[in-house]
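Visitor: Please take me through this structure, one part at a time.

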Amino acid sequence: MSPVWGSMAQYEMVHWSWAIAVYLFLAGLSSGSIMVALLVKWNRHERSNSSIWDAMIKSGAVVAPLSILLGLLLLVVDLGRPLSFYWLLIRYNITSVMSLGVLFLLLYTPIVMVFMLLVFERSVMKYTFLSPLIALIQAVKELHSYAKIIEYFLFVTALCISSYTGFLLSALYAIPLWNSPILPILFITSSISLGIAVNILIGLLFFKSTINEESIKYLLVLDLRVILTELPLLALLFIGMFYAGAESANAAKAALSQGFWAGLFWFGVIGVGLCLPLLTVMIALKSHVYRISYVVINSMVVIVGVLILRYYIVYAGQIYLG
Amino acid sequence: MGKAYRLLYDENACIGCQACSVACRVEHGVPEDFFRLQVRMELKGVFPRLGMSYERMACVMCEDAPCVSVCPTFASFQDKDGLVHIDERVCITCKYCILACPYHARFVNPLKNVVEKCDFCYESRVSKALLPVCVSICPTEALMFGDMNERDSLVYETSHKEALIFPKAHLKTKPKVAFLPKRKGMKS
C-alpha cells in the first residue's frame, strides 16, 4: 500500500546496478593485470626462460585491453541515453570524478592496446588482415629508447584507473558507505590481487610454455601481502564510518548486520574473497612445491571474491543510507 | 543585481492536503509514481501527547550543489540567480547526480529518459513574475516565495522574524529552501 503522499518507489531505487559493479570489476581487472605484468617485467625478466615474454606479461597484455574495452562498452550501454555518451568526450567538468575518469581512460586505453600489439608482434605478423598494424608496431618500436619511461607512465595511468573507480564513489557524501578515502586504496589493493589471480589463470590456460614457476611464486608472495593489507583496510572502512556521526554509524551497522547484503559481505567478501585465498596461498607456499591445483583454486576464489566486493559496495552503499 | 530566491515552508500552517504535490504534477506533467514534490506526514508522540509532523521532500536549490559539481557534462548547472537546472540536451542520464543529492530530490523521468527535479517552476512561472505553482495553490499559506534582496518581501520579513531551519544544514550545501519548525505538538 502506498502512503497518503504517494509512492515511495522513487526514493528506494538502486540507481547504479549490476552493470556498474561489473564495470568497476573490469576496470580493476584491467589496471591490476597490467600493473602485475609490468611488475613481473621489471623485477623478474632477466631470470625468465627461453621466450622473451614471460607468461604473466603475455596474459596481462591480453587481459588489460580486452577487459577495459568490455567495461567501457558496458558503461555506455548502461547510460539512460547511450547514444548521447559523446557529450562526455566534448564537455569536461574537472570537479567531477567521472570527467577525470574519462581523461584517464583516454590516456590509458590506447597505451594498453599498443602494449598488446608489441607483446604479440609475431602473431600480428602471421595474419595478413592485421598487416596495417605492422606499421604502427614499427613506429612504436622506434621509441624503444623511451621504453622504460613509457612503462612507468603506463603503470601510473593504471594506478589512476584503479583508484578513480574508488574516488568515483567516495566523492558522494550523500552515501555513507562510499564517502570514505579508504575506498580508492581498497580498490587499488583488490585490483592488484585480481590482476595476480587472472594473470596466473590465463597464463596456465593459454601460455603454459612460457610459464616461469619463480614468477608465479613471486606473485603468490605478493598476493599474500596484498590480501593481508586488504583485511585491515576493510576494517578501517567501517571503523571510520562508526566515528563519522550517527548517520554513517547506522549505515555501517546495517551494512554489516542486516539482510542479504550483510550476509554476502561476511560470506562472500570476507570468507570467499579474503580468508579462502589466504589459506590456499599459505598452503601453496608452505609446501614448497608448485602445485597447480592450489594455484588454480586460489585464482578462482580471488576472482569471485573481488567481483562480490564490487557488488557489495555498489548495492549496500545505495541501500543502507543510515 | 541577481535575485536571491527563497522558499519558506511553514510546518505550523501545513495541513497535509497534498494540493501542492498535485498542482506540481499537473504543471510539469510528472509521470505516475514519480514526484518532484512530496509532503510526508507522520503521527508522532505517545497518546495523549500526539502531533502530526510534516516534511517537504523536493529540491532545496543548494548554493553549493553536489549535483552540479559531480555532473560530467554540465547538464546540471546553476543559472545567474543560483537556481539549479537540468539541460536536457546534454544530460546523458548517468544518474551520478541522483546519487550525489543528499535530499533525494532527483529521479529519471521514464518518458523522456532524462533526470528531472523541482526547478521552482522557473521556465513556466517564476521567469514570468508568477509564484511557483505549489506556493500559489497552497490553501493555508504554508508556502512563501520571494526575493531576499527585496526588503519588503514576505520571505525577507518572515526570515528575519522567525527561527528558520535549513534542511541538512550540517552538510553546508546552503539551501534556498527553509522550514519554519513546529512550535506546538510533538517535536521529532
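**A helix and its neighbours**

Visitor: What do the buried residues of α1(B) pack against?

Guide: They pack against β2 (38-46), α4 (133-137) and β8 (143-147) of chain B. Helices (H or I, at least four residues) and strands (E, at least two) are DSSP runs, numbered from the N terminus. Residues are in contact if their C-beta atoms, placed from the backbone, lie within 7 Å. This is a predicted model, in which local features need pLDDT of at least 70, side-chain atom pairs count only at pLDDT 80 or more, and totals for chains, interfaces and linings use all residues. Residues are numbered from 1 along each chain as its sequence is written, while chains are lettered from A and ligands numbered from 1 in the order in which they are written.

Visitor: Which residues of α1(B) are buried?

Guide: In this helix, residues 19-28 of chain B, the buried ones are Cys20(B), Ser21(B) and Cys24(B). They fall within an arc of 100° when seen down the axis of α1(B), so they line one face of the helix. A residue is buried if 20 or more other C-beta atoms lie within 10 Å of its own, exposed if 12 or fewer, and partly exposed in between, with C-beta atoms placed from the backbone. The arc is that of the directions from the helix axis to the C-beta atoms.

Visitor: And what follows α1(B)?

Guide: Gly29(B) does, and its phi is positive, near 55°.

Visitor: Now the strands. In which sense do β2(B) and β3(B) pair?

Guide: β2(B) and β3(B), the latter residues 49-57, pair in the antiparallel sense over nine bridges. Strands pair if DSSP finds at least two bridges between them. These two strands form a hairpin, with two residues between them. Within the pairing, Gly45(B) stands opposite Leu50(B) of β3(B).

Visitor: What about β1(B) and β9(B), parallel or antiparallel?

Guide: Strand β1 of chain B (residues 5-10) pairs with β9(B) in the parallel sense, over four bridges. Asp10(B) stands opposite Leu180(B) in β9(B).

Visitor: Which residues of β9(B) are buried, and on which sides?

Guide: Strand β9(B) spans residues 177-180, and both of its faces are covered. Val177(B) and Phe179(B) are buried on one side, Ala178(B) and Leu180(B) on the other.

Visitor: Stepping back, how many helices and strands does chain B have?

Guide: Chain B has five helices and nine strands. Its radius of gyration is 17 Å, close to the 16 Å that the globule rule gives for 188 residues, so chain B is as compact as a globular protein of that length. The radius is taken over C-alpha atoms, and the rule is 2.2 Å times the number of residues to the power 0.38. Of the 188 residues, 41% count as buried.

Visitor: Changing topic, how many helices and strands are in chain A?

Guide: Chain A has 12 helices and zero strands. Its C-alpha atoms fill a box of roughly 70 × 55 × 30 Å along the principal axes. Of its 322 residues, 40% count as buried.

Visitor: How many residues of chain A are in contact with chain B?

Guide: 28 residues of chain A are in contact with 32 residues of chain B. On the side of chain A that touches chain B, α3 (87-90) and α4 (97-119) of chain A each supply at least two residues. The most comes from α4(A), with three residues. By class, this side has 16 nonpolar, 10 polar and two charged residues. Ala, Val, Leu, Ile, Met, Phe, Trp, Tyr, Cys and Pro count as nonpolar, Asp, Glu, Lys and Arg as charged, and the others, Gly among them, as polar.

Definitions and conventions
Two residues are in contact if their C-beta atoms, placed from the backbone, lie within 7 Å.
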